[in-house]
Amino acid sequence: MKSLLLFCTLFLATGNFAGKHLEIGDPVPAFSLADQDGKEFNITNHIGKNVMVIYFYPKDESMVCTKEACAFRDSFDAFTKAGATVIGINGGTVASHKEFQQHYKLPFTLLSDPGNKVYDMFGVKNKLFMSGRETFVIDLKGKVVYEHEAMLQGKEHADDALAYIKAASAKK
């Protein structure tokens with residue numbers, strides 16, 4: 001009984017109430033969030049225009065998150081050349097995202113997800129008392145075609161997403 005109570009307490013403390021995890025073939029959920037400039041970003045306005053790389057990360061300016069963001073930045077031209085748009089999402093504020101973007105010269109969109117509502121729509125689970133780290137590739141039809149979860153390997157998210165996109169475009 002004690003261990004069950006401890007588990008429930010830890011579960012509640014992490015706020016790990018994520019919904020059904022999106023899988024390959026699932027449609028991207030409709031959402032609108034504010035970007036680093038305070039402008040509304042509505043996902044439905046972007047479906048069909050470019051492949052989208054949506055990556056969820058725990059915190060602006062943290063060590064692994066910075067490595068991850070810089071990996072996406074350093075590969076940004078390759079993502080663009082491959083026809084992909086990069087979007088980072090976490091629960092940080094618009095102001096925090098703006099500072100993070102300027103500090104590291106990030107050329108892509110950062111979205112503020114207060115309360116982790118979009119995290120929950122994607123089913124991204126908390127890890128180690130932090131918001132999860134997961135990357136999804138969304139095709140032109142608005143379907144998930146790739147997902148990658150690795151909490152402590154931030155750079156791997158950019159490298160593997162780009163490799164997937166390049167391999168998929170080579171098959172066409």
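In these exercises, buried means under 20% relative accessible area and exposed means over 50%. The model you are working with is predicted.

**Exercise 1. Overall layout**

Task: Work out how many helices and strands the protein chain has, and in what pattern they follow one another.

Solution: Start with the count: the protein chain has six helices and seven strands. Next, read along the sequence, which gives the pattern α-β-β-β-α-α-β-α-β-α-β-β-α. Then turn to burial: of the 172 residues, 46% are buried. Finally, take the contacts with a separation of 6 or more; 67% of them join residues 24 or more positions apart.

**Exercise 2. Helix H2 on its own**

Solution: H2 covers residues 63–74.

**Exercise 3. H2 against H6**

Task: Decide how H2 and H6 are oriented, and find which residues make the contact.

Solution: First, take the geometry: H2 and H6 (residues 154–170) pack at about 25°, with axes 6 Å apart. Angles under 35 degrees count as roughly parallel, so H2 is roughly parallel to H6. The handedness of this crossing is right-handed. Next, pick out the contact: H2 contributes Val-64, Glu-68, Ala-71 and Phe-72, while H6 contributes Gly-154, Lys-155, His-157 and Ala-158. Sorted by class, the contact has four nonpolar, two polar and two charged residues.

**Exercise 4. Looking into the loops**

Task: Place His-21 in the chain and name its contacts beyond four places in sequence.

Solution: Begin with the location: His-21 sits in the loop between helix H1 (2–14) and strand S1 (32–35). Beyond its neighbours within four places in sequence, His-21 contacts Asp-26, Phe-122, Gly-123, Glu-134, Phe-136 and Glu-147. Then check a distance: the C-alpha atoms of His-21 and Asp-120 are 8.3 Å apart, although 99 residues separate the two along the chain.

Task: Find the phi value of Lys-105 and say whether this residue is buried or exposed.

Solution: Phi of Lys-105 is near 50°, a positive value in a residue other than glycine. Lys-105 belongs to the loop between H4 and strand S5 (109–112). Its relative accessibility is 66%, so Lys-105 counts as exposed.

Key
Residues are numbered from 1 along each chain as its sequence is written. This is a predicted model: local features need pLDDT of at least 70, side-chain atom pairs count only at pLDDT 80 or more; totals for chains, interfaces and linings use all residues. Side-chain values use heavy atoms; hydrogens and water are left out. Axes are lines fitted to C-alpha atoms, for helices over the stretch in contact, and angles run from 0 to 180 degrees between N-to-C directions. Helices (H or I, at least four residues) and strands (E, at least two) are DSSP runs, numbered from the N terminus. Angles under 35 degrees count as roughly parallel, over 145 as roughly antiparallel, 65 to 115 as roughly perpendicular and the rest as oblique. A crossing is left-handed if the near helix is turned anticlockwise from the far one by less than a right angle, and right-handed if clockwise. Contact means heavy atoms within 4.5 Å. Ala, Val, Leu, Ile, Met, Phe, Trp, Tyr, Cys and Pro count as nonpolar, Asp, Glu, Lys and Arg as charged, and the others, Gly among them, as polar. Buried means under 20% relative accessible area, exposed over 50%, partly exposed in between (1.4 Å probe, protein chains only).
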